[in-house]
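Take a look at the fold below before reading on. The paragraphs after it go from the whole chain down to single residues.

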Amino acid sequence: MPHVKPQTPAPPLEVETLDGGTWRLADEWGWTMVEFYRGLHCPGCEAYLRDMDRHVDEFRGIGVALIAVSGDTRERAQRAKEDWGLDKLRLGYGLDVETMQAWDLYISKAISDDEPEVFSEPGLYVVKPDGSIYYAAINSMTFGRPRMSELLKALQVKIQQDAPARGEV
């Protein structure tokens, strides 16, 4: 049974970011989308984060801030930002296993030298301004993630309608 469910408080999340300083979910004042990604070694993550980067301003326009977080080191996260051409998307790094578990993420062990010893599989959460979970999409592999363009349209409508989160039972 998942610990992280809609209409319940989001687990704590605190990470260092490439733009300097510490980012804390508890400090966010509005809607926040958190994408947990596998790391630099993942071509699927590259494509997904590039798409997120293209939509940052549109999400901001409907009042949703974006951050992508991995267990990568600062150096690996910086390389991903540069190699993948991420200009707008905030990147957090250094996610620990305990936090991965708290967010109900699948955790994998390395099967090649390119991968960290352990890393989280993808998970995307939307957190309401009150700190509760609104939406969750958790994957056990790099594919099957929601499309940014569809998520943008859906969130715009749901936020305007003040629609409740579903899946709380």
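Predicted model: local features only at pLDDT ≥ 70, side-chain atom pairs only at ≥ 80, totals over all residues.

The protein chain holds 4 helices and 9 strands. Along the sequence they run β-β-β-α-β-α-β-α-β-β-β-β-α. How compact is the chain for its length? Its radius of gyration is 15 Å, close to the 15 Å that the globule rule gives for 169 residues, so the chain is as compact as a globular protein of that length. Along the principal axes, the C-alpha atoms fill a box of roughly 45 × 35 × 30 Å.

Buried residues make up 47% of the 169 in the chain. The accessible surface comes to about 8900 Å². Carbon and sulfur atoms account for 49% of that surface. The charged side chains number 19 positive and 28 negative. The centres of these two sets lie 5 Å apart. Contacts also reach along the sequence: among those between residues at least 6 apart, 66% join residues at least 24 apart.

Next, the nonpolar interior. In soluble globular proteins, nonpolar side chains tend to be buried together. Here the largest nonpolar core has 32 residues, and Met33, Leu49 and Phe59 have the most contacts inside it. Which elements build this core? Two or more residues each come from strands E3 (31–36), E4 (64–69), E5 (90–93) and E8 (123–127), and from helices H1 (43–61), H2 (74–84) and H4 (148–161). H1 gives the largest share, 6 residues. Take Leu49 as a way in. Beyond residues up to four places away in sequence, Leu49 touches Glu35, Tyr37, Ala68, Trp84, Leu86, Leu89 and Leu91. There is also a second, separate core of 17 residues, and Ala10, Leu13, Phe36 and Ile67 are among them.

Pro12 lies 13 residues from Leu25 in sequence, yet the two C-alpha atoms are 6.8 Å apart in space.His41 belongs to another loop, the one between E3 and H1. With a relative accessible area of 17%, His41 falls under the 20% limit and so counts as buried. Which residues does His41 touch? Not counting residues up to four places away in sequence, they are Arg76, Asp114, Glu115, Pro116 and Phe119.

Finally, look at two backbone angles. Asp104 is not a glycine, yet has a positive phi of about 60 degrees. Asp104 is placed in the loop between helix H3 (97–102) and strand E6 (107–109). Asp162 is not a glycine either, and has a positive phi of about 55 degrees. Asp162 is found in the segment after H4. How do their surroundings compare? Asp104 is buried, with a relative accessible area of 17%. Asp162 is exposed, with a relative accessible area of 63%.

How values were computed:
Residues numbered from 1 in each chain as written. Heavy atoms only, no water. Core = buried A, V, L, I, M, F, W, Y, C linked by side-chain atoms within 4.5 Å. Buried < 20%, exposed > 50% of the residue type's maximum accessible area, 1.4 Å probe, protein only. Contact = heavy atoms within 4.5 Å. Rg over C-alpha atoms; globule rule 2.2 N^0.38 Å. Areas by Shrake-Rupley, 256 points an atom, 1.4 Å probe, with all protein chains shown as cover. Lys, Arg positive; Asp, Glu negative; His and termini not counted. Charge placed at Lys NZ, Arg CZ, Asp CG, Glu CD.
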